Amino acid sequence: MTSAPSDASMRDVIVEFCGIVKRYAPGEQPALDGITLSIRSGEIFGIVGESGAGKSTLLQLVSGLEQPTTGTVTVGGVDVTTLRRHGLRTLRRGIGTVFQGVHLLSNATVRDNIRLPLQLARRQSRKDQQVEVDRMLSFVGLEHRAGHFPAQLSGGERQRVGLARALVTRPPLLLCDEPTSSLDASTTGDVLRVLADAREKLGTTVIVITHDLDVVKVLCDRAALLEKGRLREVFPITRTATERILPSYYEQVKRELMS
Ligand code: ADP
């Protein structure tokens, strides 16, 4: 039997799923079936599993976009399942999200896309907002693209704008659903560097769904494998210094085609 967690380890937990069952319709196979899992503050946590395993549903529970049928989801000590509109709005202010196909405003520049969450939050003067946006542009390495429009960017650059927009309000938690699946190896590397920097320099906790095990290997501290809605195993990820670098596209092609 494991001992009860100490106060210190409890404080370290940022997201906790406890006995989660999620059924989208009565009588149907549950999308999630008895998930109990803790994610620590400052961790980069991967979620892997075949299509339909329940990965996206699990992520949607964190921001209260879906409610569990039974069980609780706690974020920063707050039980998400008890929150109403105002509480959900406050919760979501502390959560950045990035998806596979990043949706940028096509008629706004990179700078204005990144500034949007600050404008909506209305907590800073326009000048202070500009300072924050400049910081984020430099953080994601896109200072030279500030005045460009989304259609003028590569897929990887668009994804980095999406990341800058998600991080500009400095949320403690970032949720990513397949952030690199439409990118090639070199642009994937740029996006992974931003995610790693978000944890290192901003202290952001990152939860990332990916089908790419190289991404897990390079980026994550731990990864959960879901199988048909059940938690099969949580893997700790260990890596050597060279394994922190994503293999080049050439190396990936060679490995896949020559093995
Ligand atoms: P994954 O992200 O691993 O592909 P999902 O969480 O999207 O898995 O889906 C898990 C299961 O829940 C699947 O069987 C899927 O069809 C079902 N599901 C997901 N979203 C909905 C929904 N909004 N309504 C009904 N069923 C859904």
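Modeller: Strand β1 (residues 13–22) and strand β4 (residues 70–75) run antiparallel and are joined by 5 bridges. Strands are DSSP runs of E with at least two residues, helices are runs of H or I with at least four, and both are numbered from the N terminus. Two strands pair if DSSP finds at least two bridges between them. This is a predicted model, in which local features need pLDDT of at least 70 and side-chain atom pairs count only at pLDDT 80 or more, while totals for chains, interfaces and linings use all residues. Residues are numbered from 1 along each chain as its sequence is written, and side-chain values use heavy atoms, with hydrogens and water left out.

Biologist: Which residues in β4 stand opposite Val-21 and Glu-16?

Modeller: Strands of a sheet pair through backbone hydrogen bonds, either parallel or antiparallel. Here Val-21 faces Thr-70, and Glu-16 has Thr-74 as its bridge partner. Thr-74 also has a bridge partner in β5, namely Asp-79.

Biologist: How many bridges join β4 to β5, and what lies between these strands?

Modeller: The antiparallel strands β4 and β5 are joined by 2 bridges. Their hairpin has 2 residues between the strands, and Gly-76 there takes a positive phi near 55 degrees.

Biologist: In what order do the 4 strands of the sheet come?

Modeller: The order is β2-β1-β4-β5, in an open sheet with antiparallel pairing. At the edges are β2 (32–40) and β5 (78–79), each pairing on one side only. Helix α2 (residues 55–62) lies across β1, β2 and β4, at about 120 degrees to β1. Such angles run from 0 to 180 degrees between N-to-C directions, with axes fitted to C-alpha atoms, for helices over the stretch in contact; contact means heavy atoms within 4.5 Å.

Biologist: Which polar atoms of the protein lie 2.7 Å and 2.8 Å from an oxygen atom of the ligand?

Modeller: A polar contact is a pair of N or O atoms within 3.5 Å; within protein, one must be able to donate a hydrogen and the other to accept it, and residues adjacent in sequence count only if both atoms are side-chain atoms. A polar backbone atom of Gly-52 is at 2.7 Å from a ligand oxygen, and a polar side-chain atom of Lys-55 is at 2.8 Å from one.
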